[in-house]
Amino acid sequence: MVDSSSGWPWENLGCFKYLLYGPFVAKVLYSRFHEEALNASTILCLHVLILCALRGLVHQLWSTYTNMLFLTRNRRILQQGVDFKQIDKEWDWDNFIILQALIAFMASYMSPFVENLPLWNLKGFIAVLTLHMAVSEPLYYWVHRHFHGNHHLFNLYHSFHHSSPVPQVFTAGNATFLEHLILTLIIGIPLLGASLMGYASISMIYGYVLVFDFLRCLGHCNVEVVPHQIFETIPFLRYLLYTPTYHSLHHTEMGTNFCLFMPLFDALWNTLNGKSWELHKSISSNQEKYGRVPDFVFLAHVVDVSAALHAPFVFRTFASLPFSTKIFLLPLWPGTLVVLLLMWAWSKTFVYSFYQLRGRLHQTWVVPRFGFQYFLPFATEGINKHIEQAILRADRLGVKVISLAALNKNEALNGGGTLFVNKHPDLRVRVVHGNTLTAAVILDDLPKDVEEVFLTGATSKLGRAIALYLCRKRVRVLMLTLSSERFEKIEKEAPVEFQSYLVQVTKYQAARNCKTWIVGKWITPREQSWAPPGTHFHQFVVPPILSFRRDCAYGELAAMKLPDDVEGLGCCEYTMGRGVVHACHAGGVVHLLEGWTHHEVGAIDVDRIDLVWEAALKHGLKPVNNQD
């Protein structure tokens, strides 16, 4: 039987839990439009709402900072990534804000001390600080230590907080109902005490609560931001303020470092971890070094303004789900456009995310350019310069494979990576476009008994490889192209006995009886209308075509699911599902796992399509678009 105090009263409400703020909002709005002046209780409701919003903002800003790997990767304490399981477990991290808002509202009706509070009272700050150090700190220490010392209490309550493998900002709020009731008491004692003394002020309440949250986030952020030099200059300060390293040791070695914010109490009662200061100095001193070198890099770019908000350092929970346009993000678009301009002017390629697979570190780097910029003629040189610099940086670091994503390997831009390999023939890092596996995924998705396909984008790198592969399998390929010269060039690459299976067509009407369309060039709803009912649109075009026909099936972009033993993966790759990556990304992973030493750039080697496919399956990657 589970104790009810280990769960939350509103845990089954989902996002509707925020309706609990409804009475506060309703009261403020009613008074605003129907009363001449705001009364004391309405002003209190307004302050509660503002304070809740600010508390959420404090946690969000901390989360944004700690997930900016281009700033924090060398300061991380625990190196493993945060996976989807931990993110889901911490999804309702803000329950405590709702709880404390409700308690504050109820307490205000029972207390005469909250009316007509001054904006500022210095005595109130002195009183709240004194009560915090004299009462809240030792009380928290002994309660926390008791939760660890009593197996029943730990297993039933506190183990939930410690179930997150990697401490994160949102881990601070991830605890049971009972624990947050106790924490509410600990926060409330200094505030109530200062109020009873008659020293309370609005700034004191805001300041204490927000600083309390700030320090909780500091301890759980997993990024060492406190320089060790400050403790060498003022040695006693280390007993007055903990560090992220200090509290991280509590999560990894749970028998030590129980304090709230002040290690003094661990020192007094002999529970201070002996490695605390040296480990802090070590991590703080190494922040200028690069850290662990990745084995594999996926070099991506920003898709558009909306997709830019899908980054883990914007909203971690949003990034852990497949991308879709959200209305609540629209107010952030203007700011994102400003960032776009700043990135265009000053930004360099940056580290975006990472995961580990079989002891190897995989990172995603992002070229600071949006998709539309790749089609601006004057931007081509600058984009190629960014890609080249990323490749040379990977080569200097000792990266084994760098895989070019989406438009970074555009044929018109750099010949599918050929430009860089030819310019730097002595590269140790293998440059890979991954399109061999992309072609394999598309081909595997076709019906096994297919006899005829209609192919748009037939003269592209992928279109050419798909056409040549299918004709060898005696599948008739209707290749939509207006250029007879390009068609004949591809036709000559096919063995003579199979050339008759390649058929040039110039109009969509030619495919009105073909139910298997492979779309490599964007087609309009009008062009889709020529497909017969029951047609399946397989596609490798970005962005995907509109799902216009209800009587037809639309395949997703070519993708594969990473092996089950992937670790620390906590963000989705654009519209892909959890654990699923674009096929070109997977192609780079296979290149690394196989230890291949060749570059995969330029035209796709049709003879290697089956080889790469079998290698992907051998290493545990799984197709996600299989036909039944």
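Some ground rules come before the details. Residues are numbered from 1 along each chain as its sequence is written, and side-chain values use heavy atoms, with hydrogens and water left out. Because the model is predicted, local features need pLDDT of at least 70 and side-chain atom pairs count only at pLDDT 80 or more, while totals for chains, interfaces and linings use all residues.

Start with the whole chain. The protein chain has 628 residues. Its C-alpha trace spans about 95 × 60 × 55 Å along the principal axes. The secondary structure comprises 25 helices and 15 strands. Both are DSSP runs numbered from the N terminus: helices are H or I with at least four residues, strands are E with at least two. Of the residues, 53% count as buried. Buried means under 20% relative accessible area, exposed means over 50%, and partly exposed lies in between (1.4 Å probe, protein chains only).

Now look at contacts and surface. A contact means heavy atoms within 4.5 Å. Among contacts with a separation of 6 or more, 71% join residues 24 or more positions apart. The accessible surface is about 29200 Å², and carbon and sulfur atoms make up 62% of it. That area comes from the Shrake-Rupley method with a 1.4 Å probe.

Next, the record. An unreviewed UniProt entry annotates "transmembrane region" at residues 37–58, 93–112, 124–143, 181–206, 296–315 and 327–346. UniProt positions follow the numbering used here, feature names are shortened, and annotations may be inferred rather than shown by experiment. Two of these spans can be checked against the model. Residues 37–58 are 86% helix and 0% strand, with end C-alpha atoms 31 Å apart. Residues 181–206 are 81% helix and 0% strand, and their end C-alpha atoms lie 20 Å apart.

Turn to the charged pairs. A salt bridge is a side-chain nitrogen of Lys or Arg within 4 Å of a carboxyl oxygen of Asp or Glu. The whole structure holds 19 of them. Lys17, Asp92 and Asp94 are linked in a network of such bridges.

Asp395 sits in helix H17 (residues 380–397) and Arg428 in the loop between helix H19 (418–423) and strand E5 (430–432), so the bridge ties together parts 33 residues apart in sequence. Asp395 is buried at 13% relative accessible area, whereas Arg428 is exposed at 58%.

Helix H21 takes part in two further bridges. In one, Glu493 meets Arg464 at 2.8 Å, N to O. Glu493 lies in helix H22 (residues 484–493) and Arg464 in helix H21 (residues 461–472), so this pair ties together parts 29 residues apart in sequence. Glu493 is partly exposed at 38%, and Arg464 is buried at 15%. In the other, the closest N and O atoms of Arg472 and Asp607 are 2.7 Å apart. Arg472 is in helix H21 and Asp607 in the loop between helix H24 (583–594) and helix H25 (609–618), 135 residues apart. Arg472 is partly exposed at 31%, and Asp607 is exposed at 57%.

Finish in helix H21 with Ala465. Ala465 is buried, with 0% relative accessible area. Leaving out residues up to four places away in sequence, Ala465 touches Ile604, Val606 and Ile609.
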